Amino acid sequence: MAALLSVRDLHVSYGAIKAVRGISFDINEGEIVTLIGANGAGKSTTLNTVAGLIKPESGSVELEGTSLVGVPAHKVLQRGLALCPEGRRVFTQMTVAENLEMGGYTRSDAENRETLERVYAHFPRLKERRGQIAGTLSGGEQQMLAMGRALMSRPRLLMLDEPSMGLAPILVQEIFEIVKQLNASGTTILLVEQNANMALSVADRAYVLEIGTIKKTGTGADLLVDDDVRKAYLGG
Amino acid sequence: MDGVALIVSQVLNGLQLGSIYALVALGYTMVYGIILLLNFAHGDIIMAGAYILWIILAQLGLNPVIAMLLAVLGCTALGVLIDKVAYAPLRNAPRLSVLITAIGVSYFLENGAQLVFGADAKVVPSFAPVSNIQVGGLSLSFVALVTVLVTAASTIVLTFLVQKTKLGKAMRAVSEDMGAARLMGVNVNNTITFTFAVGSALAGIGAVLYVMAYPQATPTMGMMLGTKAFVAAVLGGIGSIPGAVVGAMLVGFAEVFVSAIGLSVWRDAVVFLLLIVVLIVRPTGIFGRTMSEKV
């Protein structure tokens, strides 16, 4: 089976600093795949490159065999890849409903009305707060809004960058429950996390990144009990 | 009765002048709101509009309606052209580079106009249908009334555009977080160009109304007008649409008031004095938010 997204020997630099040094990975339709690793391992850089925000130095990024390298971010979205960025980055001066509307920017009004119902079904709290200015939401609600906004484009692949960052443990649980739900309802997910424990427990497969290279790969369940991974990322 | 008539006509003068500043200030504030650029060439768009009117009315002798339409269209096209040629290549450059470019574009337009049309003022034939209309025993300036009404309508249309339409929402999204807007599928470059188009169209409307009241064109006429509109935008809180209108009205009324009490030589000075006071008391302007740093 051909992969939905296939990344080969990707190199990305910020000036003289090499952030990603030749990583390769695949994501198949219907999977949850996670990239875990410490701060500075190159996880976010990888996502931003796939999303078209950064141009890679070399290597290939292919969505079902079509290259995404050099495609600008606003067109990558139209090909079916949505990135829910690190730090949520909701439009704080717009209402919840307007944020979701921006998420469906490339879709028709009719499609958006339909998707909106689905998003509200996953995130009932967003429906309650649809008229509220996004900047006044709590961190957890903003994360939900950022995820809902990304879903509005009806992505084939949803990329989540650190969805648990800065959230209370109970909210982290809730967010990961929703990630599982979204996947169960047919969305393929690429998840980047520092919270390796949570990420591995929901992921079908995982890649461990260290200073820009892939150190290990396996199923989420296997890596959860892997000695090296436990020592490095799961606190023993 | 004379006293009432005087007050009414002075208020109308203030509204008229304020309206013209408002139309220009809106362009400043919108462009600043989206790319944090003080577009110093914005005032010169008015000058271009005035010359378009002069060419069509004085040289070609065409219908005033055509002249007005072409002036607005010409200003819009010029604004888009300036963005594409001068600013778009600098989208990722430091802000200072773009600012310096804006000053360069302004000089280019002013000196270009002087080269083509000469330094002396070109008189634009009057194209207002009537000069005064009678309202309840008062004789009011037709041009002033039209100016106020057109500005009010333009502001309402603009507010609707920015608040309710898809493009307007994209503009607001880009102004808050360009990267996130890209991730929504917004073509940021086109959105910025569209903002220039809207701002320049408003300046074009301003040019038509200004020339209706002061029927001439000179190469540097946009300089003081642009500077005062810029002051108005800063007074109101740059980046804010209602702020631009309120700031412009303040500037307009301040000027008219100073002239009315017989101190007309001070009319420019009072505008800048107002700016200094606001910058000391409330540096973000009347409607300005303390903006959080963009990351």
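Helix axes are lines fitted to C-alpha atoms over the stretch in contact, and angles run from 0 to 180 degrees between N-to-C directions. The model is predicted: local features need pLDDT of at least 70 and side-chain atom pairs count only at pLDDT 80 or more, while totals for chains, interfaces and linings use all residues. Residues are numbered from 1 along each chain as its sequence is written, and chains are lettered from A in the order in which they are written.

**View 1. Packing of α1(B) on α2(B).** Helix α1 (residues 2-35) and helix α2 (residues 42-59) of chain B have axes 9 Å apart and an angle of about 135 degrees. V24(B), G27(B) and Y28(B) of α1(B) meet H42(B), G43(B) and I46(B) of α2(B); contact requires C-beta atoms, placed from the backbone, within 7 Å.

**View 2. Helix α8(B).** This helix covers residues 188-213 of chain B. Its end C-alpha atoms are 38 Å apart, which agrees with the 38 Å that 26 residues should span at 1.5 Å a residue, taking 1.5 Å times one less than the number of residues. Of the 26 residues, 21 are buried (20 or more other C-beta atoms within 10 Å of the residue's own, C-beta atoms being placed from the backbone).

**View 3. Contact of chain B with chain A.** Chain B gives 14 residues and chain A gives 20. On the side of chain B, α6 (166-176) and α7 (178-183) are the elements that give two or more residues, and α6(B) has the largest share, five residues.

Notes
Two residues are in contact if their C-beta atoms, placed from the backbone, lie within 7 Å. Helices (H or I, at least four residues) and strands (E, at least two) are DSSP runs, numbered from the N terminus. A residue is buried if 20 or more other C-beta atoms lie within 10 Å of its own, exposed if 12 or fewer, and partly exposed in between; C-beta atoms are placed from the backbone.
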